[in-house]
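User: I have a structure open and would like to go through it step by step. Could we take it one topic at a time?

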Amino acid sequence: MNDHRMATFTCNSCGKCCSSFGSFISIERQLSDRDYYCQYSLTRNVFPVHVNREYADEVSDRYSRQSGAVASPGKKPCPFLCRKADGGGFDCAIYDSRPPVCQEFQCYRMLVYDRENQLIGKVIGAGEIRTTDETLDRLWKEQIAPLPHAHPPGGNDPAWAKKVTAILAAHAFRGDAVK
């Protein structure tokens with residue numbers, strides 16, 4: 001029986017999703033104390049954002065420091081990734097006005113459970129799995145990783161998810177696609 005379950009994504013505020021988006025999202029111009037024009041470097045699209053009140057000073061200070069500075073190559077965090085005041089992780093300072101690339105981003109696509117219903121793997125991106133279970137890792141590399149998937153990679157592909165959950169079920173694992 002394969003009921004093609006859907007898991008609900010739960011954010012733990014780790015900030016990993018946005019830890020390298022600074023290489024792709026840049027602030028082009030400050031319009032007011034909480035409004036900015038930004039650019040997504042891969043498409044060159046310019047978009048407006050509105051910063052949440054609690055992070056306005058931090059983002060403005062960050063923008064002032066970066067203005068005129070030579071950008072260093074490599075990974076850098078999104079300019080709108082801010083540490084929560086209570087120190088309990090990170091928050092998106094523009095969550096309500098974040099660009100489409102951020103709205104469509106999925107931290108993981110599927111959760112994989114063993115026979116005892118223990119979470120043993122997370123599928124991320126275009127089909128990469130994070131697991132310490134050797135059997136699942138081998139199964140993934142041999143039978144699942146070669147499967148074609150819809151583009152853009154990492155996007156919602158119900159046909160791919162259905163094939164993957166069937167392969168997992170045949171080997172006593174359960175895969176729950178994330179909605």
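User: To begin, is tryptophan 140 buried or exposed?
Analyst: This is a predicted model. In it, tryptophan 140 is buried, with a relative accessible area of 3%.

User: Which other residues of helix H3 are buried?
Analyst: Helix H3 covers residues 134-144, and its buried residues are Leu136, Leu139, Trp140 and Ile144. Seen down the axis of H3, these buried residues fall within an arc of 100°, so they line one face of the helix.

User: Why would residues a few places apart end up on one face?
Analyst: An α-helix has 3.6 residues a turn, so residues three or four places apart point the same way.

User: And which residues are exposed on the other side of H3?
Analyst: Glu134, Lys141 and Glu142 are exposed there.

User: What caps the N-terminal end of H3?
Analyst: Aspartate 133 does. One of its side-chain oxygens lies 3.1 Å from the backbone nitrogen of threonine 135.

User: Now the rings. How many aromatic pairs does the structure hold?
Analyst: It holds three aromatic pairs. One of them is formed by tyrosine 36 and tyrosine 63, in an edge-to-face arrangement with 5.9 Å centre to centre and 70° between the planes. This pair links distant parts of the chain, since tyrosine 36 is in strand E3 (residues 35-40) and tyrosine 63 is in helix H1 (residues 56-66), 27 residues apart.

User: Are those two tyrosines buried or exposed?
Analyst: Tyrosine 36 is buried, with a relative accessible area of 0%. Tyrosine 63 is buried as well, with a relative accessible area of 15%.

User: What about tryptophan 140, which ring does it pair with?
Analyst: Tryptophan 140 forms an edge-to-face pair with tryptophan 160, at 6.4 Å centre to centre and with 70° between the planes. Here too the pair links distant parts of the chain: tryptophan 140 is in helix H3 and tryptophan 160 is in helix H4, 20 residues apart. Tryptophan 160 is buried, with a relative accessible area of 3%.

User: Which rings are linked into a cluster?
Analyst: Ring pairs link Tyr36, Tyr63 and Phe80 into a cluster.

User: What lies over the face of tryptophan 160?
Analyst: Arginine 109 does, at 4.0 Å from the ring centre.

User: Last topic, the backbone. What is the phi of arginine 44?
Analyst: Arginine 44 has a positive phi of about 70°, although it is not a glycine. Arginine 44 is found in the loop between E3 and strand E4 (45-50), and at 58% relative accessibility it counts as exposed.

User: And where does asparagine 117 lie?
Analyst: Asparagine 117 lies in the loop between E7 and E8. Its phi is near 65°, a positive value in a residue other than glycine. At 45% relative accessibility, asparagine 117 counts as partly exposed.

Conventions: Residues numbered from 1 in each chain as written. Predicted model: local features only at pLDDT ≥ 70, side-chain atom pairs only at ≥ 80, totals over all residues. Heavy atoms only, no water. Buried < 20%, exposed > 50% of the residue type's maximum accessible area, 1.4 Å probe, protein only. Helix = DSSP H or I, 4+ residues; strand = E, 2+ residues; numbered from the N terminus. Arc of directions from axis to C-beta. Polar contact = N/O pair within 3.5 Å; in protein donor to acceptor, adjacent residues only side chain to side chain. Phe/Tyr/Trp six-rings, centres within 6.5 Å; stacked < 30°, edge-to-face > 60°. Lys NZ or Arg CZ within 6 Å of the ring centre and 35° of its normal.
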